[in-house]
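Hello,

Here is the structure for you to look through. Please open it first, then read my notes below.

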Amino acid sequence: MSKADVLFVDMCKKILNEGFSTEGAQVRARWEDGSPAYTIKTFGVVNRYDLTQEFPALTLRRTAIKSAMDEVLWIWQRKSNNIHDLKPHIWDEWADADGSIGKAYGYQMGKKYKFAQGTMDQVDNVIWQLKNQPQSRRIMTNLYNFEDLSEMNLEPCAYSMTFNVTGNRLNAILNQRSQDILAANNWNVVQYALLLMMLAQVTGFQAGELIHVISDAHIYNRHVPVIEELISRPQYPAPKVTLNPEIKDFYDFTTEDVRVENYRHGEQILNIPIAV
């Protein structure tokens, strides 16, 4: 069985059995019909995924691995904040008439800053440090720019990555302020596992451990029956996921460079209601 399945099921059970219900509280999120979107939540979830053992895709249902890769490339490689540059439609709810999500995500990755080695953006700084001073303990990115929050259509959920080289392994911590467990959990895990693999490949390391830290891990009230059915499903071995070994430059990766083999999974869950 997939270790990602085990972590997911354990996390969901903990939230459902021990979590705090926000029902009756003042909540920002609303369902499409305007009613408040209450949650059951747990504070401070930490999940660890060792990429040397397996790729952390759920088998309880299918995670669209290539689509997840396209979104992470949209942010980290294309550095875009416009949904017209993105194939999946997951950001449509937050885009304006021109397709922009404001000064969020890719916009922040493309901003130039002064670093010790010159002026560059956060992505190029990470790559430069991994190639030139991999033992640095300052290899990190941050999307949560307070100066621009008022001009973001959605404040970043997965907002920070910290990279650490240990021996020949590149490890990373993904920090997330908030997560809709049903809609986004494995999607984000798969995205940043792929990012870790890509960065490791182009800087000469082996992808090691991805640690996912979620401050507010929540299940929406309308998602509870779906989650209960999902975590009762059969679990299968993790798929094999590899990258095109010929790619040596991060900016050359496309979704055609990821290969997914032996992905056995349960049926997809369609039309998940999303609180906005």
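Asn262 sits in the segment after strand E10 (258–261). Helices (H or I, at least four residues) and strands (E, at least two) are DSSP runs, numbered from the N terminus. This is a predicted model: local features need pLDDT of at least 70, side-chain atom pairs count only at pLDDT 80 or more, and totals for chains, interfaces and linings use all residues. Residues are numbered from 1 along each chain as its sequence is written, and side-chain values use heavy atoms, with hydrogens and water left out.

Asn262 is not a glycine, yet its phi is positive, about 55 degrees. Its relative accessibility is 67%, so Asn262 counts as exposed. The cut-offs are these: buried is under 20% relative accessible area, exposed is over 50%, and partly exposed is in between (1.4 Å probe, protein chains only).

Asn271 also lies in the segment after E10. Its phi is positive too, near 60 degrees, and Asn271 is not a glycine either. At 76% relative accessibility, Asn271 counts as exposed.

Now the inside. The largest nonpolar core has 60 residues. Such a core is a set of buried Ala, Val, Leu, Ile, Met, Phe, Trp, Tyr and Cys residues joined through side-chain atoms within 4.5 Å. Trp76, Phe163 and Phe250 touch the most other members. Elements that each supply at least two residues include helix H2 (65–76), strand E6 (158–166) and helix H5 (181–203). H5 gives the most, with twelve residues. A second, separate core has 23 residues, among them Ile15, Leu58, Ala217 and Ile219.

Best wishes
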